[in-house]
Structures are given as structure tokens and as C-alpha cells.
Amino acid sequence: SISIRSGFSTIRSSGTIIIRTLNAGTTGVSGELMFSTGTTSSGASGSISIGTGTTTGGESGGMYITVGTTKTNDKGGDIHLHAGKTLGTADGGTIEVIAGDTTGGDGDGGDIKVWAGLSASKTGGTISMRSGYGTKMSSGSILIRTLNAGTVGVSGELMFSTGTASSGSSGSISIGTGTASGGDGGDIMIN
């Protein structure tokens, strides 16, 4: 094994570990950073864990994954999160995004916010959610729901709304089921 750790302090902050590539010259790109575990012929491959430490006096440390700003007319960089693919009979990997819990007195649970990009001259970015395609059986489901309320209070609100427009029509809301070539069309139920 290889272990890299910063210095310990009994009074002040512990030391910093910096891993980075330096700037490129007048031509070329800056160097790549790769964190990867090896392949295995029997058993699971190694995992990668990135986390901040527990705190007893203050907020715990944040984690930031940020793509650098493009200062030319080229496209901004992408971020790809892709769960594991399997060539066998088991399920594909899962991606979970879970906000933080609070078990204290008055705090609310953490939020999950997904924002598309702003455009200064054209249309803003799109948020697209779609379930998985099934080549032999059903496609996957998309579930959007709030959970039950506790002993007091009300269950959470679901809001589907389009924005206002200062020139032209505001956006529409469309709800529909797919076409069926061998069976009944799907129902729409509003309770």
C-alpha cells in the first residue's frame, strides 16, 4: 500500500495535501489527473472513497466538483456520472443522490437543487429526466412524490408550473400516455 497523509497538529489546523498538474505552455493542454482502481479477474474491483471528516465544533467540510470556465467561443466542459454496466444477468449500478438528515431540534432536512444553465442571448438549458429503455420488457418508471407527514404538519407540496413571459406565450404543460400498438392505451388518473 501507499499512504500519503499531512501533518498532525495538537492546537491548530492539520496540514494540507495538494495534488495538481501545472499549467500548459502556449500550446497543448494541462496534464490529466486520474484516480482509478485496477481490474480484477475474480471478485469486485476496488472502490474509490472521497469524503470530509466529522466535526465536533462547526460545520463539516463541503465537497466541490467544478469544471473550469471556458474563456473562448468553445463549449463549456461536461460532468458525467455513469453507474456501472454489467454484461451478466444482474442489475446495472445505481446512482443515489441523498441530501443530509438533521436529527436535532429545529433544523430542516437538506435540499436537493438541480438547475439548468442560464443563457444571456438564447434559450436557457433544459432539464431532461427519462426512465430506462427495455428492449424486451417494460421501460422503467419515474416516481415523483412527497412522503407522508409526521404526527403534526401536512405532507409536502407538488408544484408543476411554467414561468411567466413578458413577450409571447408562457410555456405549456402537457400530460399524456404513450401510443399502444397491441393493447389498451394507458390511463390518466387524477384523485
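**Exercise 1.** Which residue forms a salt bridge with Lys75, and how far apart are the closest N and O atoms?

*Solution.* Before starting, note that this is a predicted model, in which local features need pLDDT of at least 70 and side-chain atom pairs count only at pLDDT 80 or more, while totals for chains, interfaces and linings use all residues. Residues are numbered from 1 along each chain as its sequence is written, and side-chain values use heavy atoms, with hydrogens and water left out.

Step one is the rule: a salt bridge is a side-chain nitrogen of Lys or Arg within 4 Å of a carboxyl oxygen of Asp or Glu. Step two applies the rule: the partner of Lys75 is Asp78, and the closest N and O atoms are 2.4 Å apart. By this rule the count comes to one salt bridge.

**Exercise 2.** Decide whether Asp78 is buried, partly exposed or exposed, and do likewise for Lys75.

*Solution.* The classes rest on relative accessible area, with buried under 20%, exposed over 50% and partly exposed in between (1.4 Å probe, protein chains only). Asp78, at 48%, is therefore partly exposed, whereas Lys75, at 61%, is exposed. For the chain as a whole, buried residues make up 0% of the 191 residues.

**Exercise 3.** Describe the secondary structure and the spread of the chain.

*Solution.* The chain has a radius of gyration of 24 Å, well over the 16 Å that the rule gives for 191 residues, so the chain is more spread out than a compact globule. Along the principal axes, the C-alpha atoms fill a box of roughly 65 × 55 × 50 Å.

Note on methods:
Helix = DSSP H or I, 4+ residues; strand = E, 2+ residues; numbered from the N terminus. Rg over C-alpha atoms; globule rule 2.2 N^0.38 Å.
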